[in-house]
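Work through the exercises below with the structure in view. Try each task before you read its solution.

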Amino acid sequence: MGFTKVLIPMADYGHDPTETAVAYTVFKEAGFQVQFATETGNAPKCDERMISGISGKLLGAKQDAIKKYEQMIQDPAAKSPLSWSDPAFSVADYDMIYLPGGHDKAVRQAIDSEVLQKHLASYFPQTRKPSRKVVAAVCHGVQTLSTVTLPNGKSVLHDTTTTALQGAMESGIFWITRPFLGDYYKTYGKGTDNVETIVRNVLDNPDKQFKNSLSPAPFIVEDEAYNYVSGRFPPDTETLAKRAVELVKEISA
């Protein structure tokens, strides 16, 4: 087997630097080949609010994650990503697709892309065990998957076990930061459903399939039927990425 190939689809702007760069670093340290894709091939940039300014200092990425992000964006793969809108683009050859999250409204470019949804609709079913393909997602990355529909109209997540950004966490930080960040923590605006609700709504049996934890300790969920692992928010990223690496190695052995 050659290099393990990982694809990270991203919006042009707005993804969380920790959820992106920490995972990227884990994949590179594992010897994986990482490729990025944006809608039209623009070099992606992560959410500046999580890197600099008062919001960055109070709520943003830790220095270690920022350092990893600065290294990531120097990678030629990040400087010249593929275009998922290119008719020649295909996800078929990738061993893993990793979907980071982010709160900035610009990430809707990835969540709402019908073209990206079609690519993911072809890929995710191929992760059903036994399979050599893996999908990992965190935070709004899980929301991206929830929008992806199968020919029967159901979400690709309909029969999976998953987690995502917890509603209590999202609502809590929204109200705490609203006086100085407005509706920043509501990606689709004030009054819209939180990520947990959106994801639960596409599950066949949400009370059984959606897993919660409000602990600050890393928490990830691994599905039994699919090679699919999910996380809630930035502190879960390293654990999530390392488990995804282990999974790839296990099924490739």
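Axes are lines fitted to C-alpha atoms, for helices over the stretch in contact, and angles run from 0 to 180 degrees between N-to-C directions. Helices (H or I, at least four residues) and strands (E, at least two) are DSSP runs, numbered from the N terminus. The model is predicted: local features need pLDDT of at least 70, side-chain atom pairs count only at pLDDT 80 or more, and totals for chains, interfaces and linings use all residues. Residues are numbered from 1 along each chain as its sequence is written, and side-chain values use heavy atoms, leaving out hydrogens and water.

**Exercise 1.** Describe how α1 and α11 pack.

Step 1. Find α1 at residues 17–29 and α11 at residues 237–252. Their axes lie 9 Å apart, at an angle of about 35°.

Step 2. List the contact (heavy atoms within 4.5 Å). From α1 come Thr18, Glu19, Val22, Ala23, Val26 and Phe27. From α11 come Thr237, Glu238, Ala241, Lys242, Ala244 and Val245.

**Exercise 2.** Which residues of α3 are buried?

Step 1. Apply the cut-offs: buried means under 20% relative accessible area, exposed over 50%, partly exposed in between (1.4 Å probe, protein chains only).

Step 2. In α3 (residues 63–72), Ala65, Ile66, Lys68, Tyr69 and Met72 are buried. They sit on the same side of α3 because they cover an arc of only 160° around the axis. The arc is that of the directions from the helix axis to the C-beta atoms.

Step 3. Turn to the opposite face. The face of α3 away from the buried side carries exposed Gln63 and Lys67.

Step 4. Find the partners. The buried residues of α3 pack against α1, β3 (33–38), β4 (45–46) and α4 (76–79).
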